Amino acid sequence: SSVRAAIGGALHGDAAHQAWGVMDVLAVTDFPDWRMKSFVRSQDEGILMVLPREGGHLVRLYVELELEGTSLALDESGAHYLGHVLRLKRGDRLVVFNGCGTERDATVDTLQRHGATLALAAVRAALPESPLDLTLLQALPKSDAMDFIVQKATELGVRTLVPIHTEFSVVRLDAERSERRVAHWRKIARSACEQCGRHTPPRIEPALDLAAAIEALPTTERL
């Protein structure tokens with residue numbers, strides 16, 4: 001082919017009667033893995049390989065706000081997150097969602113130190129939650145392993161996560177430390193939703209003893 005000749009390649013083996021091509025596009029889709037390297041396989045029509053380039057994907061932003069009207073105001077911390085963490089600038093597109101069933105296309109309208117505004121556009125269909133109402137009772141591990149557990153539990157569709165103290169747990173959280181850690185884990189869960197495409201973050205409860213956590217489970221959910 002002309003492409004093979006242009007790159008100095010040589011044909012090895014038999015030629016395949018298949019067509020291929022490259023497109024540089026900004027896709028508007030609810031396909032969950034579109035923002036990462038992935039393959040879309042068809043039984044009869046071939047394979048599509050997705051290679052997102054820098055800036056070529058839509059950032060997802062979780063907000064605990066109503067997504068009504070045509071604009072959304074963010075406070076100073078929200079503006080800092082947009083500009084310094086997500087590296088967005090005025091005119092960039094993104095998707096905002098609130099975990100309550102609403103997702104909207106948006107564009108960064110203004111971005112300043114003290115605040116930002118997003119111009120809201122079309123409503124998107126949120127990915128459905130798993131039909132399984134899963135509750136994870138997780139013994140508190142040492143170090144930062146809990147952050148990883150929260151992230152993966154969110155990606156796998158866990159609805160409720162309850163940290164628990166067990167007989168041999170090394171980590172023990174008093175009420176004050178538990179409150180701080182739960183707030184931190186909820187941020188981890190929201191960030192995981194932004195990355196994986198899930199709409200609703202799991203509920204993360206304060207740490208309990210194992211017996212109390214089991215007792216608090218609805219009867220229908222007990223093994």
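Predicted model: local features only at pLDDT ≥ 70, side-chain atom pairs only at ≥ 80, totals over all residues.
Hi everyone, let's start with Ile47, which is found in strand 2, residues 46–50. Local features need pLDDT of at least 70 and side-chain atom pairs count only at pLDDT 80 or more, while totals for chains, interfaces and linings use all residues; side-chain values use heavy atoms, with hydrogens and water left out.

A word on strands and helices: both are DSSP runs numbered from the N terminus, with helices being H or I of at least four residues and strands being E of at least two. The protein chain has five helices and 11 strands.

Back to Ile47. Is Ile47 buried or exposed? Ile47 is exposed, at a relative accessible area of 54%. In these terms, buried means under 20% relative accessible area, exposed means over 50%, and partly exposed is in between, using a 1.4 Å probe and protein chains only. Together with Phe39 and Met49, Ile47 forms a nonpolar patch on the surface, with about 300 Å² of accessible area for the three together. Accessible areas come from the Shrake-Rupley method with a 1.4 Å probe, and for residues only the protein chains shown count as cover. Patches are built from residues with over 30% relative accessible area and no salt bridge; like charges are joined within 9 Å, and nonpolar side chains (Val, Leu, Ile, Met, Phe, Trp, Tyr) within 5 Å.

Now take the whole chain. Buried residues make up 30% of its 223 residues. The protein chain exposes about 14900 Å², and carbon and sulfur atoms supply 54% of that.

Next, salt bridges. How many salt bridges does a search of the whole structure find? The search finds 10, where a salt bridge is a side-chain nitrogen of Lys or Arg within 4 Å of a carboxyl oxygen of Asp or Glu. Let me show you three.

In one of them, Arg190 pairs with Glu64, and their closest N and O atoms are 3.8 Å apart. This pair links distant parts of the chain, 126 residues apart: Arg190 sits in helix 4 (residues 175–196), and Glu64 in the loop between strand 3 (59–62) and strand 4 (71–74). Arg190 counts as partly exposed, at 22% relative accessibility, while Glu64 counts as exposed, at 61%.

Another pair is Arg159 and Glu129, with 4.0 Å between the closest N and O atoms. Here the partners are 30 residues apart: Arg159 is in the loop between helix 3 (145–156) and strand 9 (160–165), and Glu129 is in the loop between strand 7 (115–124) and strand 8 (135–139). Arg159 is partly exposed, at 25%, and Glu129 counts as partly exposed, at 27% relative accessibility.

Then there are Asp147 and Arg181, whose side chains meet in a salt bridge at 3.9 Å, N to O. Asp147 lies in helix 3 and Arg181 in helix 4, so this pair ties together parts that are 34 residues apart in sequence. Asp147 counts as buried, at 17% relative accessibility, and Arg181 is partly exposed, at 28%. Salt bridges that share partners also join Glu129, Asp133, Arg159 and Arg198 into one network.

After helix 4 comes Gly197, with a positive phi near 95 degrees.

Finally, a look at Leu82, in helix 2 (residues 76–85). Leu82 counts as buried, at 0% relative accessibility. Leaving aside neighbours within four places in sequence, Leu82 is in contact with Leu61, Leu74, Arg87, Leu88, Leu94, Leu111, Ala116 and Leu118.

And across the chain, among contacts between residues at least 6 apart in sequence, 61% join residues at least 24 apart.

Key:
Residues numbered from 1 in each chain as written. Contact = heavy atoms within 4.5 Å.
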